Amino acid sequence: MTSYTLAIDTGGTFTDFALLDEGGNAVEKYKVASTPEDPSNGIIAGLQLIAQSKSIEIKSLMSRVQLIIHGTTVTTNAVLTSLGAKTALITTEGFRDILEMRRGIRPTFFDNKYTAPKPLIPRHLRFGVQERISSTGAVLIPLNKNDLYRIGDQLKAEQVEAVAVCFMHSYLNPQHEKQANHILQELLPHAYITVSSEILPQPRLYERVSTTAINSYVGPLLNHYLDALLEKLRDLHFTGTFFIVTSNGGAASPELAKKIPAATLLSGPAAGPVAALHLCQSAGYSNCLTMDMGGTSFEASLIKDGMPLTSRRAEVNFNAVSLPMMAIQTIGAGGGSIAWLDSGNFLHMGPQSSGAIPGPAAYNLGGTVPTCTDAALVMGLLDPDRFLSGRYPLSLDKASQAIEKYIATPLGISVEEAAWGMYQVIITNMANSLKELTVRKGYDPREFLLVVGGGAGPLHCAYLSRELEIPMMMIPAESSVMCAFGMLLADLKLDYVRTFYAAFSHDNVPEMLALFDEMHVRGKKESAYGESLNYRIGVTYSLDLRYRGQHNELTIAIDRADLERHNLENIVRSFHQEHNRQYGYSLENSRVPLEVLCLRLLYTGKRQIGSDLKPLETQSLSARLLGYREVYNPHARTYQKLSVWDGTQPSQEVIEGPAIIEMGYTTVFIPQYFSGQYDSFGNLLMYENNNT
């Protein structure tokens with residue numbers, strides 16, 4: 001009896017499924033509408049669809065699933081909509097307003113009307129406690145426990161659901177936070193409590209307070225969601241292992257995710273770079289850009305020399321998060337992005353989205369405003385009878401009416417011209433996002449392969465590549481569910497950090513090694529479940545280094561042997577090289593000493609099965625023609641008949657544009673002067689002809 005690994009990616013508009021059989025021979029793709037009111041309902045609907053396609057009962061299917069890897073938007077949506085748990089903050093006396101003060105820097109210097117965003121925790125639920133730890137870790141003022149008991153009574157009266165505890169310099173001495181945690185657990189046994197020294201023992205007060213606050217703010221929601229989902233899965237006879245995708249692109253057990261729910265803020269999109277890395281390496285590339293254009297958003301990331309770019313500082317809805325995560329550029333640009341005109345009649349696309357409900361006007365589910373999907377339908381890029389393999393018929397009339405009412409008539413142009421304008425604007429938005437990720441960080445987009453994902457990505461990628469002069473695009477066979485596909489390949493990842501503020505010198509090496517050993521013991525314990533699941537465990541060591549006197553630091557991966565043998569020159573050389581790459585200079589010749597700020601350890605469990613792409617056994621000699629479709633030509637301002645090819649049966653033939661390729665859950669548009677050809681893995685490689 002065949003057993004499976006199942007990946008589930010819950011998006012804002014659709015929930016994607018990627019099913020891998022036990023031999024890793026085939027990835028099956030499924031897609032259903034998301035259910036924002038309860039995401040688990042969409043998951044169950046998808047499982048029913050999979051079971052139906054295999055002509056078996058859903059319980060029989062789930063009994064064969066050995067592993068589920070899930071990407072969720074529960075925590076992200078809670079922060080974006082400010083609908084998390086009722087949370088209180090307890091911090092050092094005098095610092096209760098740190099969430100509003102932020103870093104004291106206005107993001108818009110010349111906007112006199114700028115209003116700072118409201119923090120997730122209102123002021124009446126932020127409390128200061130008498131205590132103080134010095135910058136060396138010494139106790140200056142003992143913790144006033146009476147303050148905590150008084151605050152605890154107030155929190156009971158307010159019926160708070162979660163509490164965030166973050167004291168000054170607790171990363172050096174967590175004594176006061178531990179005492180506070182013990183008292184609060186006695187006073188509020190049902191509250192979700194986060195202490196900063198457990199999830200983020202590193203400097204920079206605002207980032208630490210904000211991350212701790214977010215962790216408590218989303219903790220009760222994620223716990224409730226996971227408990228309810230796992231109960232539903234168990235009722236369906238699922239007895240296998242369940243993992244959650246985390247923001248660093250790895251996977252973790254539900255127990256670990258519940259401890260640090262803030263680590264799931266980019267749960268779904270973080271798997272995109274994992275898929276892109278695997279795909280581009282199979283094609284012989286080490287550098288690639290990945291884009292994923294779904295129904296609600298557009299995510300982009302960069303892979304350089306076989307390594308996805310990562311970050312330890314990000315913002316979600318203007319709230320700082322300082323946890324390791326994939327460096328993902330996100331904007332509101334998806335199939336459901338709403339078109340609108342400002343007071344000057346300038347056309348905009350997004351960031352507002354029609355979502356899954358009511359969705360674009362073409363969905364015929366009550367949506368009345370024009371969206372990107374409506375524009376694609378009016379232009380003929382989408383077949384109203386083939387959308388999502390024909391399971392979601394689209395209404396061309398509703399799409400045309402929405403564009404005419406809100407865009408075409410106010411601008412005095414035709415519906416087709418308005419649709420083409422919408423198409424161009426959203427491509428420009430995505431191009432600007434990719435420039436932020438590349439050009440602004442010193443990378444030339446022309447040196448990268450563009451790996452295209454998302455249901456709407458293949459419709460827009462050709463003109464996007466022309467805008468950035470990217471020479472080659474890859475549209476994977478799994479493009480429509482690329483993040484879910486990446487989850488099938490995701491490794492276990494556990495991040496640890498310890499603060500160690502000192503000179504980077506031979507004298508401090510023994511203490512650094514001792515701190516690494518402490519993290520190693522914890523990592524070995526918490527990754528033990530991975531070894532039992534046939535994951536190969538590896539360890540990566542890193543140091544946060546900077547020139548003495550600098551404010552910001554760089555994270556440099558190191559070989560532990562260099563520390564053990566006191567070969568510090570190798571580490572220093574790596575720092576100078578990275579500093580020069582990022583900032584265009586180094587102080588290598590000036591002999592400015594280096595400082596250590598933090599030590600980092602990453603435990604990684606590599607999957608041993610089901611992660612190798614296999615070439616297709618057979619491939620058609622010529623493409624299969626499905627028919628022809630009228631597609632709007634903006635240059636001639638008329639429709640022209642284009643050939644429509646079957647993308648579910650890859651062929652060796654070069655397909656010349658203009659043409660359409662139908663791939664079941666996505667549609668590829670090959671414009672004039674572009675060509676496409678499948679590789680031996682069933683991925684479509686698309687490029688612009690040199691004679692244009």
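Just after helix H3, serine 82 takes a positive phi of about 55 degrees; helices (H or I, at least four residues) and strands (E, at least two) are DSSP runs, numbered from the N terminus. This is a predicted model, in which local features need pLDDT of at least 70 and side-chain atom pairs count only at pLDDT 80 or more, while totals for chains, interfaces and linings use all residues. Residues are numbered from 1 along each chain as its sequence is written, and side-chain values use heavy atoms, with hydrogens and water left out.

Let us stay with H3 for a moment. Helix H3 spans residues 74–81, and its buried residues (under 20% relative accessible area; exposed is over 50%, partly exposed in between, with a 1.4 Å probe and protein chains only) are Val74, Thr75, Thr76, Ala78 and Val79. Their cover includes helix H1 (39–53), helix H8 (205–235), strand S17 (314–316) and strand S18 (319–321).

From here, turn to the nonpolar cores, sets of buried Ala, Val, Leu, Ile, Met, Phe, Trp, Tyr and Cys residues joined through side-chain atoms within 4.5 Å. The largest has 104 residues, and Leu47 and Met62 have the most contacts inside it. Helix H13 (residues 415–437) gives this core its largest share, 13 residues. Leaving aside neighbours within four places in sequence, methionine 62 is in contact (heavy atoms within 4.5 Å) with Leu47, Ile68, Leu233, Leu236, His237 and Phe238. Apart from this core lies another, of 33 residues, including Leu89 and Cys166.

Now for the aromatic rings. The structure holds 11 aromatic pairs; rings of Phe, Tyr and Trp (its six-membered ring) pair if their centres lie within 6.5 Å, with planes under 30 degrees apart counted as stacked, over 60 as edge-to-face and the rest as tilted. Phenylalanine 14 and tyrosine 392 are edge-to-face, at 6.1 Å centre to centre and 85 degrees between the planes. Because phenylalanine 14 lies in strand S2 (residues 14–21) and tyrosine 392 in the loop between helix H11 (372–378) and helix H12 (396–411), the pair ties together parts 378 residues apart in sequence. Phenylalanine 14 is buried at 12% relative accessible area, whereas tyrosine 392 is partly exposed at 25%. Ring pairs also link Phe14, Tyr363, Phe387 and Tyr392 into a cluster.

We finish at an open sheet of 4 strands, ordered S29-S30-S32-S33 with mixed pairing; two strands pair if DSSP finds at least two bridges between them. Its edge strands are S29 (625–633) and S33 (667–670). Strands S30 (residues 638–646) and S32 (residues 659–662) run parallel, joined by 4 bridges, and serine 643 stands opposite alanine 659 in S32.
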